[in-house]
Amino acid sequence: MMVFEFPTWDDVPETFTGKARLIYERAIVHFLDGEAHHETEPAYYSDSTTQPGDYHTRWYHHGNLHCLDGPAVISCIEGRNIIEFYYVNHTPYTEKEYYDLIQVKYNPKLLSRVLESIEMLDSE
């Protein structure tokens, strides 16, 4: 896949689709119709020129921070301190809130059991 270069995020055309290198951010970003987006890997990856081992990844879905199988933002600072942020549809969650949401909302078997439990409580 060809990589197009742009000085900054603001310089990416509104309808751009493809892989871009953002020069000033030292980042590789996947775009779909002008929005950061990738289905199977982080849409954004940046490494540091000042500190070896530092990097930042962000999962985007149609321009929104979004990941259903782990943190949407991962930053490695000083090559060892990893910071994670959890988002679903651009809404931030604590780690616990995120896993509670994912476990119920995106797990059909568990959701079915929860709904059955609610129905049983209503019928009592």
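A disulfide is a pair of cysteine sulfur atoms within 2.5 Å. By this rule, the count here is zero disulfides. The structure is a predicted model.

**Accessibility**

| Residue | Relative accessible area | Class |
|---|---|---|
| Cys 67 | 5% | buried |
| Cys 76 | 4% | buried |
| Ile 77 | 30% | partly exposed |

Cys 67 is classed as buried because its relative accessible area is 5%. Cys 76 is buried too, at 4%. Ile 77, at 30%, is partly exposed.

**Surface patch**

Ile 77 belongs to strand β9, which spans residues 73–77. Together with Ile 83 and Phe 85, Ile 77 makes a nonpolar surface patch of about 230 Å².

**Nonpolar core**

The largest nonpolar core holds 18 residues. Those touching the most other members are Phe 6, Val 12, Phe 16, Leu 22, Val 29, Phe 31 and Tyr 60. Two strands, β2 (18–22) and β3 (27–32), each supply at least two residues of this core. The most comes from β3, which gives three residues.

Which residues does Phe 6 touch, leaving aside those up to four places away in sequence? Its contacts are Asp 11, Val 12, Pro 13, Phe 16, Ala 20, Arg 21, Leu 22 and Ile 23. Among them, Val 12, Phe 16 and Leu 22 are also listed with Phe 6 as core residues that touch the most other members.

Technical notes. Residues numbered from 1 in each chain as written. Predicted model: local features only at pLDDT ≥ 70, side-chain atom pairs only at ≥ 80, totals over all residues. Heavy atoms only, no water. Core = buried A, V, L, I, M, F, W, Y, C linked by side-chain atoms within 4.5 Å. Buried < 20%, exposed > 50% of the residue type's maximum accessible area, 1.4 Å probe, protein only. Helix = DSSP H or I, 4+ residues; strand = E, 2+ residues; numbered from the N terminus. Contact = heavy atoms within 4.5 Å. Patch = residues over 30% accessible without salt bridge, like charges linked within 9 Å, V, L, I, M, F, W, Y side chains within 5 Å. Areas by Shrake-Rupley, 256 points an atom, 1.4 Å probe, with all protein chains shown as cover. Salt bridge = Lys/Arg side-chain N within 4 Å of Asp/Glu carboxyl O.
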